Amino acid sequence: PLLPAAGTQDVGAREEAPSGIGLRLSAGPVVGGFYHVSGVEAGGSAARSKKVHQDDVLLMVDGVSVRGMDVPTLSKHILGPTGTWLVLGLQRFDSNGLLVVTHVTLQRSRGTPHLASPSPLLPASAAPGGSTLSTSSSTSTGVEVPCDLPV
């Protein structure tokens, strides 16, 4: 069989766009240098898991701390090939007001929007367990943080 010459690419081959998990994160680190979940996209891997809630604080992706991480680097950690898995480390307050840290394993899915137009978000009241407590210090100071990082 004939092989393509070095440095050429098969015309039919396309690089697949990265897939996400259906989260919207704060536009930058806001809670002690960490990001917070500003929305869970209906139909995404995060919503289907029922383990990720609006206002969770994202601590880690695959064991790597996101504290102080810039947005492009964070996107590279979360977005990836369809069907691959990642583990998020999340912090939240439970229904008793206790601080809980949990690890959630999610699969990146093709149908999950990423870095595109916003999709419908599940309101906090639709998250399992009802409304969640905000752990964001920006909420108490009245500073609104734009939510423009869908992953």
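**Figure 1. Overall view of the predicted model.** Read along the sequence, the elements of the protein follow the order β-β-α-β-β-α-β-β-β-α-β. The model is predicted. It contains three helices and eight strands. Of the 151 residues in the protein, 40% are buried. Among contacts with a separation of 6 or more, 64% are between residues 24 or more positions apart.

Figure 2. Strand E2 spans residues 35-41. Seven of its seven residues are buried, so E2 is largely enclosed by the rest of the structure. Strand E1 (residues 23-25) runs antiparallel to E2 and is joined to it by three bridges. In this pairing, Leu25 stands opposite Val37 of E2. Strand E3 (residues 57-61) is also antiparallel to E2, with two bridges between them. Here His36 is placed opposite Val57 of E3.

Figure 3. Gly43 sits between strand E2 (35-41) and helix H1 (45-49). With a relative accessible area of 54%, Gly43 is exposed, because the cut-off for exposed is over 50%. The residues of E2, in contrast, are buried, seven of seven. Gly43 and Gly22 are separated by 21 residues in sequence, and their C-alpha atoms lie 7.5 Å apart in space.

Figure 4. Most residues other than glycine have a negative phi. Lys50 has a positive phi, near 60°, and is not a glycine. Asp55 is likewise not a glycine, and its phi is positive at about 80°. Lys50 belongs to the loop between H1 and E3, and Asp55 is found in the loop between H1 and E3 as well. Are these residues buried or exposed? Lys50 counts as exposed, at 58% relative accessibility. Asp55 has a relative accessible area of 17% and is buried, because buried means under 20%.

Figure 5. Helix H2 covers residues 71-78, and Leu74, Ser75 and Ile78 in it are buried. These three residues span an arc of only 100° around the axis, so they are on the same side of H2. An α-helix has 3.6 residues a turn, so residues three or four places apart point the same way. Which residues are exposed on the other side of H2? Pro72 and Lys76 are exposed there.

Figure 6. Strand E5 (residues 85-93) and strand E6 (residues 99-107) run antiparallel and are joined by nine bridges. One of the paired positions is Leu88, whose bridge partner in E6 is Val104.

Terms used. Residues are numbered from 1 along each chain as its sequence is written. This is a predicted model: local features need pLDDT of at least 70, side-chain atom pairs count only at pLDDT 80 or more; totals for chains, interfaces and linings use all residues. Side-chain values use heavy atoms; hydrogens and water are left out. Buried means under 20% relative accessible area, exposed over 50%, partly exposed in between (1.4 Å probe, protein chains only). Helices (H or I, at least four residues) and strands (E, at least two) are DSSP runs, numbered from the N terminus. The arc is that of the directions from the helix axis to the C-beta atoms. Two strands pair if DSSP finds at least two bridges between them. Contact means heavy atoms within 4.5 Å.
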